[in-house]
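Let's take a walk through this structure together, one backbone detail at a time. Have the viewer open and follow along.

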Amino acid sequence: MDRIRANLLIPGTGDPIRDGVVVLDGQRISYAGPAAAAPDTPGAVTHQAAAVMPGMWDCHGHFLGARVFDLGRMPLEPLALRAVRSARDLRAALDAGITSVREVGGLGLDLARVIAEGVLDGPSIYAAGAILSTTGGHADLHSYPLGWMEDFSLREGVLRLADGADGCMRAVREQLRRNARVIKICASGGVLSEVDHPVHQQFTSTELAAIVEVAGLADRVVAAHCHGKPGIIAALEAGVRTIEHGTYLDDECCDAMKETGAILVPTRTIVEDILANLAAVPDYAAAKLVAIADVHAQAVTLAHERGVTIAMGTDIGLTGSDLPNSWGQNGGELPRLVALGMTPLQAIEAATATAPLTLGPQAPRSGRLEAGYDADVITLDADPLADIGVLASPGHVTGVWTAGRQVKGSPAAG
């Protein structure tokens with residue numbers, strides 16, 4: 001049993017508590033509240049911190065083991081090499097205070113098994129398996145011959161081409177067969193893909209409906225990569241749970257998201273990281289990113305002002321602290337959300353209490369300091385409400401617990 005006493009307790013949702021205590025009893029929280037009302041816990045290991053809060057979620061990450069932004073290079077490197085790199089990313093995520101990841105395309109299904117086996121420490125991973133894309137769509141590697149790409153998409157398990165309602169249903173079932181916890185699709189073009197345009201819708205309405213229906217039969221929801229308004233509206237009409245990026249959303253899109261209960265995962269981190277490192281991406285990607293950067297910022301601000309539910313996600317996919325947009329930098333999304341209009345407390349809620357909702361029926365009892373919730377907890381050496389930048393620096397994260405087991409920090413911090 002662990003007992004954490006902190007100057008500030010941030011519960012994930014609701015008002016913060018001054019001089020708070022959190023008690024971890026096995027894999028669950030048994031108490032979270034004022035120190036004055038905390039139960040006696042004889043024999044508990046006691047920890048002292050400036051602040052305690054739920055472990056953070058990254059609702060849009062990729063364990064790809066990549067070292068460059070060019071997705072076309074992914075097939076040129078052995079899968080085993082990229083998997084070993086990704087193992088390092090698990091530790092980087094934990095050190096940054098990320099205790100759960102909704103992994104929307106990559107090696108997450110296999111990494112989740114390794115973590116469950118106790119072979120490696122890592123965050124809880126709720127993975128999509130392969131990213132579903134139309135032929136010529138955002139997750140197609142346009143520079144390769146189509147026949148080769150079709151073979152790769154079936155073999156690798158990271159990118160999956162699917163066309164027509166029947167083909168889309170088959171592709172969803174393949175991911176469910178691998179125990180995907182969420183289904184990821186490309187409803188519009190993207191930035192790092194060579195030929196397609198970010199505004200253009202890709203899957204048809206019929207295809208989108210088929211994907212959502214088959215996913216729903218297994219209590220899974222659909223995450224829709226989408227920049228352009230046509231794809232956003234079509235995806236919402238089909239019943240997707242989340243819109244990823246949402247670059248060109250407007251008032252009509254915001255109204256539709258509120259009506260359907262859909263959640264926006266803005267991923268401002270990938271936009272700003274590429275914008276600051278344009279030479280690191282292919283020329284076609286640089287041109288597209290420059291064109292959408294300001295529009296995206298305005299869209300996120302609009303969504304927040306209009307009351308759209310927002311969850312924190314980064315689109316991080318690179319391995320190595322020497323690189324931009326790499327695992328371990330996940331907390332940098334929070335100050336970016338604050339810069340676009342959120343309060344620090346709202347940004348923290350987006351990264352904690354709101355985040356599990358992006359999984360629909362697959363959501364665990366996570367993201368809150370509340371009795372009965374998963375004992376995924378982090379401690380800090382400073383107040384993130386006074387300076388949200390604290391959460392962008394792993395050095396300020398003094399302790400991390402996943403399922404009640406301490407994986408960062410001293411076993412007895414004080």
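Start at Asn 179, which sits just after helix α4 and takes a positive phi of about 75 degrees. Keep in mind as you look that this is a predicted model.

Now step back into the helix itself. Helix α4 covers residues 164–177.

Which residues of α4 are buried? They are Cys 168, Ala 171, Val 172 and Gln 175. Seen down the axis of α4, these buried residues fall within an arc of 100 degrees, so they line one face of the helix. The spacing makes sense: an α-helix has 3.6 residues a turn, so residues three or four places apart point the same way. On the other side of α4 you will find Asp 166, Arg 170 and Arg 177, which are exposed. As for the buried residues of α4, what covers them includes the strands β8 (131–133), β9 (159–161) and β10 (183–186), along with helix α5 (205–217).

Two further positive phi values are worth a visit. Thr 267 is not a glycine, yet its phi is positive, about 50 degrees. Look for Thr 267 in the loop between β13 (263–265) and α8 (268–275). Its relative accessibility is 0%, so Thr 267 counts as buried.

Further along, Asn 325, also a residue other than glycine, has a positive phi near 60 degrees. Asn 325 lies in the loop between β15 (316–318) and α10 (333–339). With a relative accessible area of 2%, Asn 325 is buried.

Key:
Residues are numbered from 1 along each chain as its sequence is written. This is a predicted model: local features need pLDDT of at least 70, side-chain atom pairs count only at pLDDT 80 or more; totals for chains, interfaces and linings use all residues. Side-chain values use heavy atoms; hydrogens and water are left out. Helices (H or I, at least four residues) and strands (E, at least two) are DSSP runs, numbered from the N terminus. Buried means under 20% relative accessible area, exposed over 50%, partly exposed in between (1.4 Å probe, protein chains only). The expected span of a helix is 1.5 Å times one less than its number of residues. The arc is that of the directions from the helix axis to the C-beta atoms. Contact means heavy atoms within 4.5 Å.
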